[in-house]
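User: I would like to go through the terms used for this model and the values behind them. Please set each value against its definition.

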Amino acid sequence: MSESSAEVVADVASAAVAVSAAGAAGGWRRATGIAGVAIGVVAAGAAAGVALERMTVGRGMRQKARLALDSAGPYGSLRGMPGKAFADDGTELYYEVDDLDEEAAPAAIGPRRRRLFGRKSPAPVTVVFSHGYCLSQDSWHFQRAALRGVVRTVHWDQRSHGRSGRGVAQGRDDEPVTIEQLGRDLKAVIDAAAPEGPLVLVGHSMGGMTVMALADQYPELIRERVVGVAFVGTSSGRLGEVNYGLPVAGVNAVRRVLPGVLKVLGQRAELVEKGRRATADLFAGIIKRYSFASRDVDPAVARFAERMIESTPIDVVAEYYPAFNDHDKTEALVHFADLPVLVLAGVQDLVTPSEHSEAIADLLPDAELVLVPDAGHLVMLEHPEVVTDRLADLLTRTGAVPAGATVKGYGSTSTAQPG
């Protein structure tokens, strides 16, 4: 870590303390700018601390660049057949289905199956994608584009994210969000969008934890219907030990004040969002630091990630934060032991370090472990070709698509290893 980055970390820790003090004294308007900094820390997915490169481009030029990227970037524009599921507490969960396109992709699916009199054609494999914290289903843009028409897919927004409704239990009953609840939400989406047929479950970060929670609570579903699983940049537990690339002193300082700060900020959401917008430049730097590792990330992709994270309200950020320290689904991994499993992570992931993926792979010795150099937390956006290639290989091994079928955009489902 550079000296300037260490200074920023110290500044953020001090800012968090100042926000708490200002809130207690009622000086919210004076604390608005500081609040934006503290929010950026969490909304970037790190949940503590920041290391920020010095910015050298003028603010006005950066604002114009963001507007240009927003208008030109195609990312997140893919839409499917919309649907709604309802969680056990009544929360509305939004999902979209991209169906198998036999006319458009005959090479991918082989000859049309004949339907026997009095019998239904077997249900196709459905691939269900679960996104991470402060993101949405659109975070799978590249993989969705590549697999369209080749295999049936379901993309959904977790509660209080994207187009899904705010958590009813959180708003009505003041119940905390838990990873267990997210597992039940996923079950509701599967029941609505893919009630029959084989399943492949794909989860990034919090989405991977959601898949683990599903297995923990519904092992019979995994046993009877799931034919493959992909864990991307996720963890089965011990997230409270992650240092986010910061020195010990900085991590400890932020951890001491962050829970209280978030609770207070969540209660002043409208005011805090104004401060968050006022600190957009700082926010963009934080997102880049904790989302990507490559220096040559497409600016439109970086802006796309920024927009997704910006759209997550501060009170939602606050609701979810405690759930990660409580997350421990290591024992649930046993339910995937006999399945084809892909475990993939960026080597420079500061949010869910690659060591956590290695720990998952150690418990699933038959899993394919892929560590992507020069990749951060949003590896599926930073190196989409790698993620799509390995995911396509997993789908081939599960029988979801035939070997040799062309995957649009990035490679094929050939099982040959890249040279």
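User: What is the pLDDT over residues 1-58, and how many contacts does the model have there?

Analyst: The pLDDT, which is the predictor's confidence in each residue from 0 to 100, stays under 50 over residues 1-58. For this stretch the model has 109 contacts beyond four places in sequence, a contact being heavy atoms within 4.5 Å. Residues 410-419 also have a pLDDT below 50, with 24 contacts beyond near neighbours in sequence. Where pLDDT is low, the predicted coordinates should not be read in detail.

User: What is the average pLDDT of the protein, and what rules apply to the values?

Analyst: The average is 79, and 68% of the residues score at least 70. This is a predicted model, in which local features need pLDDT of at least 70 and side-chain atom pairs count only at pLDDT 80 or more, while totals for chains, interfaces and linings use all residues. Residues are numbered from 1 along each chain as its sequence is written, and side-chain values use heavy atoms, with hydrogens and water left out.

User: Which residues of α7 and α8 meet?

Analyst: Among them are Ile179, Leu182, Leu186 and Ile190 in α7, and Met206, Met209, Val211 and Leu214 in α8. The residues of this contact divide into 9 nonpolar, 3 polar and 3 charged. Here Ala, Val, Leu, Ile, Met, Phe, Trp, Tyr, Cys and Pro count as nonpolar, Asp, Glu, Lys and Arg as charged, and the others, Gly among them, as polar.

User: Why does Cys134 count as buried?

Analyst: Buried means under 20% relative accessible area, exposed over 50% and partly exposed in between, with a 1.4 Å probe and protein chains only. Cys134 has 0% relative accessibility, so Cys134 counts as buried. Cys134 lies in the loop between β3 (126-130) and α5 (141-147), and has a positive phi of about 65° although it is not a glycine.

User: Why does Tyr244 count as buried?

Analyst: Tyr244 is at 9% relative accessibility and therefore counts as buried. Tyr244 sits in the loop between β6 (226-232) and α10 (248-266). Tyr244 is not a glycine, yet has a positive phi of about 55°.

Methods. Helices (H or I, at least four residues) and strands (E, at least two) are DSSP runs, numbered from the N terminus.
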